[in-house]
Amino acid sequence: MASVAEADRPAEALLGFRENVVEADGFRIRYLEAGAGDAVVMLHSAIGLYVTEAHRLLSAKHRVILFEVPGFGRSPANERSQTMPDLARTMLAATDALGLKRFNVTGHSFGGRLALWMAIERPDAVASVSLIAAAVIPSGRPPPPATDPVMAKQMALLRRVMGGPGRDPVLEAEMKKLDVPVLALFGTNDEIIPPSHGREYRKLLKHCNVVMIYDAGHALDRDRPEALASVIADFVEKPDGFLVNRKDGAINP
Amino acid sequence: MKAALFATCSYPGEVAPSNWPIPVTVYSAETAERTFATALEQCRLADEVGFDWISAAEHHYAPFCITPNPMVFAGALTQVVKRAKIALLGADIPIQNPVRVAEEFAMLDTMTGGRIVAGMLRGTPNEYITYNVNPSESRARFAEALTLIRMAWSEPEPFGWQGRYYEYRAISIWPRPVQDPHPPIYMSGSSPESGEFAAKNRVGLGFAVTTLPLATKASKHYRDHAHLAGWDPTPDDIIYRMNFYVADSDEQAMADMLEFTAHMGPGRTLQLERQTESAIAGAGYYGRDAEQRMRTTSARAGDIQAHIDNGTLLVGSPKSVIEQIRRIREEVGAGILDLIPGPANGERALASIARFGAEVLPAIRAM
């Protein structure tokens, strides 16, 4: 894992991703980009932005853009965004500024909730949503501790935009109307977001494929990078035909 | 204590002398047909005389056990076994499609109204050759398949699986198991690794092709690790498999056994070519106690008394057999005996099953 919340690093440490900045909605938003093809916008968890082998593998097949949500990492404290839809509109301004007319979005934990809001706000622009152990349904677990000023700044934003500890009826009502294909991924060993949340997604979303990532905890990208990248790449390529295996099964053609 | 009758479905006809895989150059379809009929007859009787379980196993290319798919045989058992549980020991899950295994167990559990015991085994080393699976992947495939099967049994909504060895886009099995959350699971536990895995995953343990001293040690290892994992197995969590023959008297039992062993021919073992065995051992199939176990499983010779002393055979009058069982209960802590009927098939085996039900089972219930 290469953290970009620390000092500047050479490109190699970012696993081939290049660092850049985009001005959007009054924020200077840092992002990392690699690869070519269909755009996949990836939103990080409450921990902040980092790059793993999963991101690198996905960038071998697609144009991958990892945003740093304003208020995270090296960005100043974000006291402007009040709600998840606010943040989603800011991130959509960033995709507009990058000229992305239609793209796929993925989100890890907190980022998953944000990804859903982006799709709800702009269903015409979002081709697919991949939720990685998304924090959509409250798990009842306390948030990660604010061990340093960066985490304290991030947690202050999260507490405000995520709302109270209960379920979010507004989000769930919007999910029921959403017509965008969704892939909901869970780690079978995740103690923060249990795989059983998949059952709720199946009730709330019209087009939802639930996939268990075997032997992964909450950090699916670090625990099973190949498995995570492979299933997201497959979903992005064919969200409608996702169930159908099109791999060549011939051993000796 | 409880007792299971193990339906080995051993082909009693002539077999070409050979290492595994055994060729079918000498074969009688009529004998194979009769094998199943005899096994079903024994199972029907065992059910009637009070055996708690009827069990079946999975072996491949093997005349000593012609149930390569024990699920098929268990389908027939559901129609003759009306009271006892039906234990599949196993499915060899690392060489199978785990979704198929979950479906078959669930079907059988439904057909029996919830009387299925789900053994999940790694199989014998040669069986990795059967479906062309790398034996070095055995333990990792086992762990993944077990997790997947449990989820396939319990998850109400369709789900996909992105594993290391298995990948599915949608799993939603019909029918569901009757038992809630699922049938009891047992695995083979002769090696320390298996005992630790079973303890961590809260599943039962079975011992077969082992000896009383080895099983005693392995059983203690399992119970110690289960305790560390926060639970304590009961005797019902431990199965011990062995041969049995009960006659009116010790003398008659011994005479019958001697007569039977004199007629035992070669070619009923899982003996592999030495190079193949070395390749499997080199792939890391065996556990940390590999050498000890390989010696045990190849040492098949020895007299009847040695087999009794070693805990691989129950033989004698009901009174003697009860005492032999007491030793297994006390030393291994096993609560379920999985019993291979003998000697040979026919009237004497049926009489032994009936006698066990009438005179041994009532006495061991309280053990």
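This is a predicted model: local features need pLDDT of at least 70, side-chain atom pairs count only at pLDDT 80 or more; totals for chains, interfaces and linings use all residues.
**View 1. Overall fold of chain B.** The secondary structure of chain B consists of 13 helices and eleven strands. Along the principal axes, the C-alpha atoms of the chain occupy a box of roughly 60 × 45 × 40 Å.

**View 2. Interior of chain B.** Of the 367 residues in chain B, 47% count as buried. Among contacts in chain B with a separation of 6 or more, 75% join residues 24 or more positions apart.

**View 3. Contact between chains A and B.** Chain A contributes 14 residues to the contact, and chain B contributes 13 residues. On the side of chain B that touches chain A, at least two residues each come from α5 (138-154), β5 (159-162) and β6 (167-171) of chain B. The element that gives the most to this side is β5(B), with four residues. By residue type, the side of chain B that touches chain A holds five nonpolar, four polar and four charged residues.

**View 4. Strand pairing across the two chains.** Strand β10 of chain A, residues 208-213, pairs with β5(B). The two strands run in the parallel sense, and three bridges link them. At one position, A:V211 has B:G160 of β5(B) as its bridge partner. The strand β5(B) seen here is also the one that supplies four residues to the side of chain B that touches chain A.

Methods:
Residues are numbered from 1 along each chain as its sequence is written. Chains are lettered from A and ligands numbered from 1 in the order in which they are written. Two residues are in contact if their C-beta atoms, placed from the backbone, lie within 7 Å. Ala, Val, Leu, Ile, Met, Phe, Trp, Tyr, Cys and Pro count as nonpolar, Asp, Glu, Lys and Arg as charged, and the others, Gly among them, as polar. Two strands pair if DSSP finds at least two bridges between them. A residue is buried if 20 or more other C-beta atoms lie within 10 Å of its own, exposed if 12 or fewer, and partly exposed in between; C-beta atoms are placed from the backbone.
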